[in-house]
Amino acid sequence: MRLGVLDVGSNTVHLLVVDAHPGARPLPAHSHKAELRLAQLLDESGAIGLDGVEKLIATVQDALVAAEDKGVEALLPFATSAVREASNADDVLARVQAETGVELQVLTGAEEARLTFLAARRWFGWSAGKLLVLDIGGGSLEIAYGMDEQPDAAASLPLGAGRLTAGWLPTDPADPADIRALRRHVRAEIARTVGEFSRFGAPDHVVATSKTFKQLARLAGAARSTDGLYVQRELKRRSLEDWVPRLASMTADERAELPGVSPGRSSQLLAGAMVAEGAMDLFAVETLEICPWALREGVILRRLDQMASE
(Lines give C-alpha, C1' and ligand atoms only; values in the text may rest on other atoms or scores of the structure.)
Protein backbone atom coordinates (compact mmCIF):
# COMPACT_ATOMS: atom_id res chain seq x y z
CA MET A 1 0.00 0.00 0.00
CA ARG A 2 1.00 3.61 -0.35
CA LEU A 3 1.62 5.19 3.05
CA GLY A 4 2.19 8.81 3.94
CA VAL A 5 4.08 9.89 7.03
CA LEU A 6 3.36 13.46 8.11
CA ASP A 7 6.12 14.62 10.45
CA VAL A 8 5.44 17.91 12.23
CA GLY A 9 8.90 18.60 13.53
CA SER A 10 10.60 21.50 15.22
CA ASN A 11 12.12 22.73 11.94
CA THR A 12 9.98 21.34 9.13
CA VAL A 13 6.66 19.76 8.31
CA HIS A 14 7.61 16.82 6.10
CA LEU A 15 5.33 14.45 4.20
CA LEU A 16 7.12 11.29 3.11
CA VAL A 17 5.19 9.02 0.75
CA VAL A 18 6.34 5.41 0.45
CA ASP A 19 5.20 2.21 -1.21
CA ALA A 20 5.29 -0.44 1.46
CA HIS A 21 4.08 -3.84 2.55
CA PRO A 22 5.05 -6.10 5.46
CA GLY A 23 8.33 -7.92 4.93
CA ALA A 24 9.73 -5.46 2.39
CA ARG A 25 11.68 -2.26 2.71
CA PRO A 26 9.59 0.90 2.18
CA LEU A 27 10.34 2.53 -1.17
CA PRO A 28 10.23 6.36 -1.20
CA ALA A 29 7.80 7.68 -3.80
CA HIS A 30 7.48 11.38 -2.97
CA SER A 31 8.72 13.97 -0.47
CA HIS A 32 6.96 17.23 0.34
CA LYS A 33 8.27 19.57 3.02
CA ALA A 34 8.03 23.13 4.25
CA GLU A 35 10.25 24.92 6.74
CA LEU A 36 8.14 26.15 9.61
CA ARG A 37 10.63 26.36 12.51
CA LEU A 38 8.02 25.87 15.20
CA ALA A 39 10.76 25.69 17.83
CA GLN A 40 11.52 29.34 17.10
CA LEU A 41 7.88 30.48 17.04
CA LEU A 42 7.27 29.97 20.76
CA ASP A 43 6.44 33.11 22.73
CA GLU A 44 7.78 34.00 26.17
CA SER A 45 5.23 31.73 27.85
CA GLY A 46 6.29 28.78 25.75
CA ALA A 47 3.16 28.82 23.62
CA ILE A 48 2.94 28.61 19.84
CA GLY A 49 1.55 32.00 18.84
CA LEU A 50 -1.50 32.60 16.67
CA ASP A 51 0.64 33.23 13.60
CA GLY A 52 2.50 29.98 14.16
CA VAL A 53 -0.73 28.02 14.55
CA GLU A 54 -2.14 29.51 11.35
CA LYS A 55 1.06 28.62 9.48
CA LEU A 56 0.96 25.09 10.85
CA ILE A 57 -2.65 24.59 9.76
CA ALA A 58 -1.93 25.93 6.27
CA THR A 59 1.15 23.71 5.97
CA VAL A 60 -0.77 20.60 7.05
CA GLN A 61 -3.49 21.42 4.53
CA ASP A 62 -0.87 21.70 1.77
CA ALA A 63 0.56 18.34 2.81
CA LEU A 64 -2.90 16.75 2.65
CA VAL A 65 -3.32 17.97 -0.92
CA ALA A 66 0.07 16.50 -1.83
CA ALA A 67 -0.86 13.20 -0.15
CA GLU A 68 -4.12 13.01 -2.11
CA ASP A 69 -2.35 13.86 -5.36
CA LYS A 70 0.10 11.00 -4.80
CA GLY A 71 -2.59 8.44 -3.97
CA VAL A 72 -1.81 7.96 -0.29
CA GLU A 73 -4.09 5.30 1.20
CA ALA A 74 -3.21 5.80 4.86
CA LEU A 75 -1.65 8.77 6.61
CA LEU A 76 0.49 8.46 9.74
CA PRO A 77 0.63 11.96 11.26
CA PHE A 78 2.79 12.77 14.26
CA ALA A 79 4.40 15.70 16.04
CA THR A 80 7.63 15.96 18.02
CA SER A 81 9.22 18.25 20.60
CA ALA A 82 8.06 21.70 19.42
CA VAL A 83 4.39 20.76 19.72
CA ARG A 84 4.94 18.36 22.62
CA GLU A 85 6.51 21.03 24.80
CA ALA A 86 4.36 24.00 23.81
CA SER A 87 2.35 25.27 26.75
CA ASN A 88 -0.76 25.40 24.54
CA ALA A 89 -0.19 22.03 22.88
CA ASP A 90 -3.73 20.76 23.53
CA ASP A 91 -5.29 23.84 21.95
CA VAL A 92 -2.97 23.65 18.94
CA LEU A 93 -3.74 19.97 18.38
CA ALA A 94 -7.48 20.61 18.69
CA ARG A 95 -7.36 23.44 16.14
CA VAL A 96 -5.34 21.38 13.68
CA GLN A 97 -7.82 18.52 13.94
CA ALA A 98 -10.87 20.78 13.68
CA GLU A 99 -9.61 22.63 10.60
CA THR A 100 -7.77 19.84 8.74
CA GLY A 101 -9.22 16.61 10.08
CA VAL A 102 -5.70 15.45 10.99
CA GLU A 103 -5.22 14.06 14.49
CA LEU A 104 -1.54 14.46 15.24
CA GLN A 105 -0.03 11.81 17.48
CA VAL A 106 2.40 13.52 19.82
CA LEU A 107 5.44 11.33 20.34
CA THR A 108 7.31 11.42 23.61
CA GLY A 109 11.04 11.97 23.48
CA ALA A 110 11.62 8.34 24.46
CA GLU A 111 9.33 7.18 21.63
CA GLU A 112 11.29 9.32 19.18
CA ALA A 113 14.52 7.69 20.34
CA ARG A 114 13.08 4.17 20.16
CA LEU A 115 11.57 4.60 16.69
CA THR A 116 14.76 6.15 15.33
CA PHE A 117 16.68 3.24 16.83
CA LEU A 118 14.34 0.76 15.12
CA ALA A 119 15.01 2.42 11.77
CA ALA A 120 18.78 2.31 12.30
CA ARG A 121 18.68 -1.32 13.40
CA ARG A 122 16.70 -2.35 10.30
CA TRP A 123 19.07 -0.39 8.05
CA PHE A 124 22.31 -1.85 9.44
CA GLY A 125 20.97 -5.27 10.47
CA TRP A 126 21.96 -7.65 13.25
CA SER A 127 25.60 -7.79 12.16
CA ALA A 128 26.06 -4.24 13.46
CA GLY A 129 25.93 -5.63 17.01
CA LYS A 130 25.33 -3.20 19.85
CA LEU A 131 24.21 0.12 18.35
CA LEU A 132 24.51 3.62 19.78
CA VAL A 133 22.22 5.97 17.83
CA LEU A 134 22.37 9.78 18.01
CA ASP A 135 19.82 12.12 16.45
CA ILE A 136 19.87 15.93 16.64
CA GLY A 137 16.56 17.55 15.77
CA GLY A 138 15.36 21.10 15.94
CA GLY A 139 14.09 20.75 19.50
CA SER A 140 15.85 17.78 21.05
CA LEU A 141 18.73 15.32 21.02
CA GLU A 142 17.74 11.65 21.06
CA ILE A 143 20.12 8.93 22.23
CA ALA A 144 19.42 5.19 22.12
CA TYR A 145 21.52 2.07 22.71
CA GLY A 146 20.88 -1.63 22.38
CA MET A 147 21.41 -5.03 20.82
CA ASP A 148 17.87 -5.77 19.68
CA GLU A 149 15.19 -3.82 17.81
CA GLN A 150 14.09 -2.14 21.03
CA PRO A 151 16.89 -0.23 22.76
CA ASP A 152 18.07 -1.09 26.24
CA ALA A 153 18.35 2.63 27.03
CA ALA A 154 16.76 5.68 25.40
CA ALA A 155 16.88 9.35 26.30
CA SER A 156 15.68 12.66 24.90
CA LEU A 157 17.44 15.88 25.91
CA PRO A 158 16.32 19.48 25.19
CA LEU A 159 19.37 20.08 23.00
CA GLY A 160 17.89 20.62 19.57
CA ALA A 161 19.78 22.87 17.16
CA GLY A 162 16.87 25.28 16.69
CA ARG A 163 16.04 25.49 20.38
CA LEU A 164 19.64 26.20 21.38
CA THR A 165 20.18 28.76 18.63
CA ALA A 166 17.08 30.72 19.65
CA GLY A 167 17.83 30.54 23.36
CA TRP A 168 21.62 30.82 23.54
CA LEU A 169 23.03 32.34 20.34
CA PRO A 170 21.00 35.50 19.63
CA THR A 171 23.65 37.34 17.59
CA ASP A 172 25.08 36.68 14.13
CA PRO A 173 27.93 35.92 14.23
CA ALA A 174 27.65 34.36 17.68
CA ASP A 175 29.29 36.09 20.61
CA PRO A 176 32.25 34.09 22.00
CA ALA A 177 30.89 34.42 25.54
CA ASP A 178 27.55 32.97 24.42
CA ILE A 179 29.35 30.11 22.69
CA ARG A 180 31.29 29.25 25.84
CA ALA A 181 28.11 29.36 27.94
CA LEU A 182 26.30 27.10 25.47
CA ARG A 183 29.22 24.66 25.40
CA ARG A 184 29.08 24.32 29.20
CA HIS A 185 25.30 23.83 29.09
CA VAL A 186 25.40 21.20 26.33
CA ARG A 187 28.12 19.14 27.94
CA ALA A 188 26.52 19.27 31.39
CA GLU A 189 23.20 18.03 29.96
CA ILE A 190 24.80 15.18 28.02
CA ALA A 191 27.10 14.18 30.87
CA ARG A 192 24.09 13.49 33.10
CA THR A 193 22.99 10.69 30.77
CA VAL A 194 26.31 9.02 29.98
CA GLY A 195 26.19 6.71 32.97
CA GLU A 196 22.79 5.38 31.95
CA PHE A 197 24.32 4.11 28.71
CA SER A 198 27.89 3.24 29.72
CA ARG A 199 26.71 0.51 32.09
CA PHE A 200 25.78 -1.57 29.02
CA GLY A 201 29.35 -1.52 27.73
CA ALA A 202 30.92 -0.05 24.63
CA PRO A 203 28.86 -0.09 21.43
CA ASP A 204 29.99 -2.07 18.41
CA HIS A 205 28.73 0.55 15.99
CA VAL A 206 27.81 4.23 16.44
CA VAL A 207 25.42 5.83 13.97
CA ALA A 208 23.78 9.21 13.62
CA THR A 209 20.71 10.44 11.81
CA SER A 210 19.23 13.88 11.10
CA LYS A 211 19.97 16.77 8.78
CA THR A 212 22.48 18.27 11.21
CA PHE A 213 24.72 15.19 11.22
CA LYS A 214 24.40 14.79 7.45
CA GLN A 215 25.51 18.40 6.89
CA LEU A 216 28.43 18.04 9.30
CA ALA A 217 29.55 14.84 7.60
CA ARG A 218 29.35 16.57 4.22
CA LEU A 219 31.55 19.41 5.51
CA ALA A 220 34.05 16.82 6.69
CA GLY A 221 34.26 15.31 3.21
CA ALA A 222 31.44 12.75 3.03
CA ALA A 223 29.73 12.03 -0.28
CA ARG A 224 26.95 14.27 -1.58
CA SER A 225 23.32 13.24 -1.11
CA THR A 226 23.04 12.91 -4.89
CA ASP A 227 25.53 10.03 -4.76
CA GLY A 228 22.77 7.85 -3.31
CA LEU A 229 21.62 6.22 -0.08
CA TYR A 230 24.03 3.32 -0.16
CA VAL A 231 27.29 5.24 -0.10
CA GLN A 232 28.93 4.96 3.31
CA ARG A 233 29.22 8.33 5.02
CA GLU A 234 31.23 8.89 8.18
CA LEU A 235 31.96 11.73 10.56
CA LYS A 236 35.17 11.73 12.60
CA ARG A 237 35.41 13.59 15.87
CA ARG A 238 38.77 15.06 14.88
CA SER A 239 37.22 16.64 11.78
CA LEU A 240 34.29 17.95 13.79
CA GLU A 241 36.61 19.52 16.37
CA ASP A 242 38.33 21.36 13.53
CA TRP A 243 35.04 22.60 12.11
CA VAL A 244 33.36 23.92 15.27
CA PRO A 245 35.62 26.99 15.72
CA ARG A 246 35.42 27.68 11.99
CA LEU A 247 31.62 27.62 12.11
CA ALA A 248 31.70 29.84 15.20
CA SER A 249 33.62 32.52 13.33
CA MET A 250 31.12 32.66 10.45
CA THR A 251 27.81 34.37 9.92
CA ALA A 252 24.77 32.33 8.92
CA ASP A 253 25.09 33.61 5.36
CA GLU A 254 28.71 32.48 5.21
CA ARG A 255 27.79 29.02 6.48
CA ALA A 256 25.11 28.77 3.80
CA GLU A 257 27.89 28.94 1.19
CA LEU A 258 29.52 25.79 2.54
CA PRO A 259 29.02 22.48 0.71
CA GLY A 260 25.90 20.65 1.79
CA VAL A 261 24.59 23.43 4.07
CA SER A 262 21.11 24.70 3.25
CA PRO A 263 20.28 28.39 3.85
CA GLY A 264 17.35 27.39 6.05
CA ARG A 265 19.60 25.44 8.41
CA SER A 266 22.77 27.54 8.34
CA SER A 267 21.82 29.63 11.39
CA GLN A 268 21.39 26.44 13.47
CA LEU A 269 24.48 24.61 12.31
CA LEU A 270 26.85 25.96 14.96
CA ALA A 271 24.62 24.87 17.84
CA GLY A 272 24.07 21.50 16.19
CA ALA A 273 27.81 21.04 15.70
CA MET A 274 28.43 21.82 19.37
CA VAL A 275 25.90 19.18 20.41
CA ALA A 276 27.41 16.64 18.02
CA GLU A 277 30.92 17.36 19.28
CA GLY A 278 29.83 17.15 22.91
CA ALA A 279 28.03 13.85 22.37
CA MET A 280 30.92 12.27 20.47
CA ASP A 281 33.42 13.45 23.10
CA LEU A 282 31.45 12.41 26.19
CA PHE A 283 30.49 9.04 24.71
CA ALA A 284 34.12 8.53 23.55
CA VAL A 285 33.13 8.17 19.89
CA GLU A 286 35.96 8.65 17.41
CA THR A 287 33.97 7.87 14.25
CA LEU A 288 30.27 7.46 13.54
CA GLU A 289 28.36 6.44 10.43
CA ILE A 290 25.43 8.36 8.96
CA CYS A 291 22.21 6.36 8.73
CA PRO A 292 19.85 7.33 5.88
CA TRP A 293 16.81 6.12 7.82
CA ALA A 294 15.51 7.94 10.88
CA LEU A 295 12.28 8.71 12.75
CA ARG A 296 9.92 8.79 9.77
CA GLU A 297 11.13 5.40 8.59
CA GLY A 298 10.79 4.11 12.14
CA VAL A 299 7.13 5.16 12.20
CA ILE A 300 6.57 3.38 8.87
CA LEU A 301 8.32 0.21 10.02
CA ARG A 302 6.29 0.08 13.23
CA ARG A 303 3.07 0.42 11.22
CA LEU A 304 4.15 -2.36 8.85
CA ASP A 305 4.94 -4.59 11.83
CA GLN A 306 1.47 -3.91 13.21
CA MET A 307 -0.11 -4.75 9.84
CA ALA A 308 1.80 -8.03 9.68
CA SER A 309 0.48 -9.08 13.08
CA GLU A 310 -3.16 -8.20 12.40
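This note goes through the sheet, the nonpolar cores and one tryptophan of a predicted model.

1. The open sheet has six strands with mixed pairing, and their order is β8-β7-β6-β9-β11-β10. Because β8 (153-157) and β10 (234-236) stand at the edges with a single partner strand each, one side of each has no neighbour in the sheet. From one strand to the next, the twist averages 20 degrees.

2. Within this sheet, strand β6 (residues 131-136) and strand β9 (residues 205-209) run parallel and are joined by five bridges, with L132 standing opposite V206 in β9. Helix α6 (residues 176-198) packs on the sheet, where it touches β7 (141-146) and β8, and its direction makes about 175 degrees with that of β8.

3. The largest nonpolar core has 49 residues, of which I190, F213, L247, L270 and L288 touch the most other members. Helix α10 (residues 269-282) gives the most to this core, namely nine residues. Setting aside residues up to four places away in sequence, F213 touches L134, D135, I136, A208, L235, A276, L288 and I290. Another core, of 25 residues, lies apart from the largest one and includes V53, I57, A63 and L104.

4. W293 is found in the loop between β11 (287-290) and α11 (295-309), and it counts as buried because its relative accessibility is 10%, against a cut-off of under 20%. Apart from neighbours within four places in sequence, W293 is in contact with R25, P26, A119, R122, W123, T209 and L301. Between W293 and A276, which are 17 residues apart in sequence, the C-alpha to C-alpha distance is 18 Å.

Notes
Residues are numbered from 1 along each chain as its sequence is written. This is a predicted model: local features need pLDDT of at least 70, side-chain atom pairs count only at pLDDT 80 or more; totals for chains, interfaces and linings use all residues. Side-chain values use heavy atoms; hydrogens and water are left out. A nonpolar core is a set of buried Ala, Val, Leu, Ile, Met, Phe, Trp, Tyr and Cys residues joined through side-chain atoms within 4.5 Å. Buried means under 20% relative accessible area, exposed over 50%, partly exposed in between (1.4 Å probe, protein chains only). Helices (H or I, at least four residues) and strands (E, at least two) are DSSP runs, numbered from the N terminus. Contact means heavy atoms within 4.5 Å. Two strands pair if DSSP finds at least two bridges between them. Axes are lines fitted to C-alpha atoms, for helices over the stretch in contact, and angles run from 0 to 180 degrees between N-to-C directions.
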